[in-house]
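Subject: Handover of a structure and its packing

Dear colleague,

Please find below the structure that I am handing over to you.

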Amino acid sequence: MTTITQYTIGMSNIFILEGKKKVLVDTGSGGGGEAFSDICREHGIKPSDISLIIFTHGHVDHYTNAQAIKNLTGAPVMVHKLAADVLRLAKRPKMVPRNALGERIWEATLNEDPVPVVYPVEPDILVEGKVDLHPYGVDAVMIPTPGHSRCSYSIFLDSGEAIVGDLILICPDDGSVQISWFADDVPALKNSIEIVLERAAEIYSGHGGPFSVEEAKKLYEEDFGYKN
């Protein structure tokens, strides 16, 4: 059986899946390798035990520490092929706001001072479509869940937990749970939330959480109109 443990680096969560091997999902924002090393020391994790690094999507707050953690662990990096150049060139891709909160956060991101330093990382494994993670030592699959970004993946454990990146997350203003306020394709976002609701028993997010499926259904109902 594969277990999931959530940690936070900077403003974003990271996750360690532990089955026959350990797989790291996302690498956080800021803090670099030192922040990850601190987590490993505190929780008795050997960085060299991480056998694979995967990403929910290619936004900078999820991959800032990628190169530093790759150096520490020696693990290969797996990412959606549409995010490859983002990581390779350390890009800060434009995120498309779908509401006023998204517009405000994007504007604040553009005006960050100092601008966070992001180091490029060379992906080792490019994927698209469904990816079976059992051969990598954890009981899980990666399923494309675009909408927030074209390169978004959700990781579904056989035991029912799902890591959904920024499809569902906590609002920095009031701590409420919300559907992503960024979407480059709103119909795709809607469909991806439906996939999560159909498959997940518990939802882990890139920001805040974990959240219950009941919370997510309520959000979907308010945003799109949920039907059983």
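The model is predicted, so local features need pLDDT of at least 70 and side-chain atom pairs count only at pLDDT 80 or more, while totals for chains, interfaces and linings use all residues. Residues are numbered from 1 along each chain as its sequence is written, and side-chain values use heavy atoms, with hydrogens and water left out.

I begin with the cores. A nonpolar core is a set of buried Ala, Val, Leu, Ile, Met, Phe, Trp, Tyr and Cys residues joined through side-chain atoms within 4.5 Å. Buried means under 20% relative accessible area, exposed over 50%, and partly exposed in between (1.4 Å probe, protein chains only). The largest such core has 26 residues, and Leu 24, Phe 36, Ile 53, Phe 55, Tyr 63 and Leu 87 are those with the most contacts inside it. Elements that each supply at least two of its residues include β1 (3-9), β2 (12-18) and α1 (32-43); α1 gives the most, with three. Helices (H or I, at least four residues) and strands (E, at least two) are DSSP runs, numbered from the N terminus. A second, separate core of 22 residues includes Ala 162, Ala 183, Leu 219 and Tyr 220.

Next come the aromatic rings. Rings of Phe, Tyr and Trp (its six-membered ring) pair if their centres lie within 6.5 Å; planes under 30 degrees apart count as stacked, over 60 as edge-to-face and the rest as tilted. Two aromatic pairs are counted by this rule. Phe 15 and Tyr 204 form an edge-to-face pair, because their ring centres are 6.0 Å apart and their planes are at 90°. This pair links distant parts of the chain, with Phe 15 in strand β2 and Tyr 204 in strand β13 (residues 202-204), 189 residues apart. Phe 15 is buried at 0% relative accessibility, and Tyr 204 is buried at 10%. The rings of Tyr 220 and Phe 224 have centres 5.3 Å apart and planes at 55°, so that pair is tilted. Tyr 220 is buried at 3%, whereas Phe 224 is partly exposed at 21%.

Finally, there is helix α5 (residues 100-110), where Leu 101, Gly 102, Trp 106 and Thr 109 are buried. These residues lie on the same side of α5, because they cover an arc of only 130° around the axis (taken from the directions from the helix axis to the C-beta atoms). Ala 100, Glu 103 and Leu 110 are exposed on the other side of α5.

With kind regards
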